[in-house]
Amino acid sequence: MINLVTNAVLVDGLIKSALGEDITSEDVSTNAIFKERAVGTVQLICKQDGVICGLPVFERVFKILDNSTEVKFYVEEGAPVKKGELIGELKGDMRVLLSGERTALNYLQRMSGIATYTSEIVKLLKGGKTKLLDTRKTTPNMRIFEKYAVKVGGGCNHRYNLSDGVLLKDNHISAAGGITRAVKLAKEYSPFVRKIEVEVENLEMCREALEAGADIIMLDNMTPEQMTEAVKMIGGRALTECSGNVTRENIKNILSTGVDFVSSGALTHSAPILDLSLKNLKPLGKQ
């Protein structure tokens, strides 16, 4: 699982970049009201049912702005949450609470939305052998957060980036002159410990990928009937993955095909945010 702690340097750099995008020189609105430090509290409230994800990132936004900010959560990461539920409370310099609010919520809402959407699809797959995978269809500079959210929601991560594994797609195959040659070149280049996955669009391509020695065969945009036939043809000699416009609405059609994995770009590119809000900011006076 992607670990935000062991990737702290990367995570902090991305958060600082997001804060820099929102505060280029100063928070004019907040500084106009507060000329000096003034301590206050604010509540984090859930506005719809879902799965909460991104609490460590939410907290880190405020800690980067002021390490003395106190953050207390009343739910654990990955927990189901309800509309109207008090998720947490923050205490600190109100200038920090106001200036960090939008960046912190952007992360938390986005990550919670992905975890919620993923959780809903995982429930649809329950009882079968098929596992749910994400893709590289992520928001630029948000991949570590979005793939982490998929895991929190109960899904599995596909390769993290282009350095992570061999996946020969249609353009690779065309450039190489065919599946057989593409797999041969990949085997010659990559270490033997790396698995080779090949994207196929029909049964003929599936047969060629299998004979070429592919470790994983991705059945792209095939009908459930074609996928069932492909899985039967492969017969366990390679792992199988289904891909292509997979959503919450149509994933049930795949359950009976027998594929090992189903990958869905919708997990990260189409999941709606989970509505959350910072409310009831109250001053405590100078402390």
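**A charged pair and its setting**

Analyst: Glu199 counts as buried, with a relative accessibility of 5%; buried means under 20% relative accessible area, exposed over 50%, and partly exposed in between, using a 1.4 Å probe and protein chains only. The model is a predicted one, in which local features need pLDDT of at least 70 and side-chain atom pairs count only at pLDDT 80 or more, while totals for chains, interfaces and linings use all residues. Residues are numbered from 1 along each chain as its sequence is written, and side-chain values use heavy atoms, with hydrogens and water left out.

The partner of Glu199 is Lys169: the two form a salt bridge whose closest N and O atoms are 3.0 Å apart. Glu199 belongs to strand β8 (residues 196-200), while Lys169 sits in the loop between β7 (166-168) and α6 (170-176), so the pair links distant parts of the chain, 30 residues apart. Helices (H or I, at least four residues) and strands (E, at least two) are DSSP runs numbered from the N terminus. A salt bridge here is a side-chain nitrogen of Lys or Arg within 4 Å of a carboxyl oxygen of Asp or Glu.

Another of them joins Asp134 and Lys147, at 2.7 Å from N to O. Asp134 is in the loop between β6 (131-133) and α5 (143-152) and Lys147 is in helix α5, so this pair ties together parts 13 residues apart in sequence. Asp134 is buried at 0% relative accessible area, and Lys147 is buried at 0% as well. A further salt bridge connects Asp93 and Arg95, at 2.6 Å from N to O. Asp93 is buried at 4%, whereas Arg95 is partly exposed at 25%.

Helix α5, which holds Lys147, is largely enclosed by the rest of the structure, because eight of its ten residues are buried. Among those buried residues are Ile144, Phe145, Glu146 and Lys147. Their cover includes α1 (8-22), α3 (55-65), α4 and α10 (266-269). After α5 comes Gly154, with a positive phi near 105°.

Beyond its neighbours within four places in sequence, Leu219 is in contact (heavy atoms within 4.5 Å) with residues including Val200, Cys206, Met227 and Val259.

Elsewhere, helix α7 (residues 179-189) packs against helix α8 (residues 203-212) through Ile179, Thr180, Val183 and Lys187 of α7 and Met205, Glu208, Ala209 and Ala212 of α8.

For the chain as a whole, the secondary structure comes to ten helices and twelve strands. Its C-alpha atoms fill a box of roughly 75 × 40 × 25 Å along the principal axes. Of the 287 residues, 48% count as buried.

Methods: Axes fitted to C-alpha atoms, helices over the stretch in contact; angles between N-to-C directions.
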